[in-house]
Amino acid sequence: MNRVAFITGASRGIGRETALAFARAGFDVAISARTLEPGETHEHALTHADGRPLAGSLEETAADLRALGREALAVRMDLLDEHSVRAAAAAVLARFGRVDVLVNSAIYQGSDLNLPFMSLGLDTLQRVFQGYVVAPVVLTQCLLPAMLEQGGATVINVTSGAGESDPPVAAGKGGWGYAYGAGKAAVSRLSGVLRAEFGDQGIRAYTINPGVVTTEALHATIGDKGVLAMRKGVAPPEVPAAVLCWLATADAAPAFQGRTIQAQPFALEQGIVPDWREPAKASA
């Protein structure tokens, strides 16, 4: 029976590259996001400055997975809709009968996510709570019984430095807002609870911080010039994707539970990927 990875937020960015990494590692892959078809628009979604939706869709990711010779299931899932989350879990189990790896990568990315404190409304906080707390908890709870019955699985939760440290400057001046930091802080706590409660039943759980990654969302947020200015401290999405796959497949990985893994230095320390920074060094 083939191993199955379920990657949320896989229409673009880190989620998409993670799905491809698992397919190359021999997994069949289930993917979810709101954007099933190219060009779709959604409420509370990041867009380009001219209002265009970001590139990427589940259909495009699924086509690339199948081109790698793997079975792929694309399921539309809206983090802000609990019924959608439960339906996605049910669809994946109905198709594959198991999930060996769950990567909670999808996040709520509304334009209100990093509002200054006094501009922050309860409606934003409620969306953040639904997207960052309720959705990954519900999805994991829906899949966990099957994971335990099959003898174990790996759950990886994607966090951010914003969930574990204070912003360097104020929101609106380059720092993050309370809503985003609070949401990611909640994500950072999930893996430890899963490990403590289910580790003796075969559940491995990890928390990973990708660092600043050159995704479509980053380009839309700070522009190409901003990404270029940050090149010394950024990585392509293939880097955290490789780390996520390594954590689910390497014999040495279980020793790295119980901490937040900083994906970029970790990838170099463990020799998971070549040093992507070399071209920048050479041109400096």
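This is a predicted model: local features need pLDDT of at least 70, side-chain atom pairs count only at pLDDT 80 or more; totals for chains, interfaces and linings use all residues.
Colleague: Thanks! How many helices and strands does the protein chain have?

Modeller: There are nine helices and nine strands. Both are DSSP runs numbered from the N terminus, helices being H or I with at least four residues and strands E with at least two.

Colleague: What makes the pairing of Asn157 and Asn104 a polar contact?

Modeller: A polar contact is a pair of N or O atoms within 3.5 Å; within protein, one must be able to donate a hydrogen and the other to accept it, and residues adjacent in sequence count only if both atoms are side-chain atoms. The side chains of Asn157 and Asn104 make such a contact at 2.9 Å.

Colleague: And Thr159, why is that one buried or exposed?

Modeller: Thr159 has 3% relative accessibility, so Thr159 counts as buried too. You will find Thr159 in the loop between E5 and H5. Its side chain joins that of Ser188 in a polar contact of 2.6 Å, and a polar atom of the Thr159 side chain lies 3.2 Å from the backbone oxygen of Lys184. Beyond four places in sequence, Thr159 also touches other residues, among them Glu164, Pro210 and Thr260.

Colleague: How do you know where empty space is left?

Modeller: Rolling a probe the size of a water molecule over the atoms shows it. On a 1 Å grid over the protein atoms alone, a cavity is a set of points where a 1.4 Å probe fits but cannot get out, and a pocket is an open set with protein on both sides within 12 Å along at least five of seven lines; lining residues have an atom within 4 Å of a point. Grid points are joined across faces, edges and corners, and a volume is the space filled by probe spheres set on the points.

Colleague: How many cavities of 30 Å³ or more does a search of the whole structure find?

Modeller: The search finds one, and the largest cavity has a volume of about 140 Å³. Among its 17 lining residues, Asn104, Ser105, Ala106, Gly131 and Pro136 are the closest to the centre. Helix H4 (122-149), E5 and helix H5 (178-198) each supply at least two lining residues, and H4 gives the most, with five.

Colleague: How do the residues of that lining divide into nonpolar, polar and charged?

Modeller: Ala, Val, Leu, Ile, Met, Phe, Trp, Tyr, Cys and Pro count as nonpolar, Asp, Glu, Lys and Arg as charged, and the others, Gly among them, as polar. On that basis the lining of the largest cavity has 11 nonpolar, five polar and one charged.

Colleague: What is the volume of the second largest pocket?

Modeller: About 180 Å³. Its lining has five nonpolar, three polar and four charged residues, including Arg3, Asp100, Arg204 and Asp251. Strand E5 (153-158) and helix H7 (238-249) each supply at least two of the lining residues.

Colleague: Over to H2: what puts its buried residues on the same side?

Modeller: In H2 (residues 58-67), the buried ones are Leu58, Thr61, Ala62 and Leu65. They cover an arc of only 100° around the axis, so they sit on the same side of H2; the arc is that of the directions from the helix axis to the C-beta atoms. These buried residues pack against helix H1 (13-24), strand E2 (28-33) and strand E3 (72-76).

Colleague: Why is Glu59 called partly exposed?

Modeller: Glu59 also lies in helix H2, but its relative accessible area is 38%, which means that Glu59 falls in the partly exposed class.

Definitions and conventions
Residues are numbered from 1 along each chain as its sequence is written. Side-chain values use heavy atoms; hydrogens and water are left out. Buried means under 20% relative accessible area, exposed over 50%, partly exposed in between (1.4 Å probe, protein chains only). Contact means heavy atoms within 4.5 Å.
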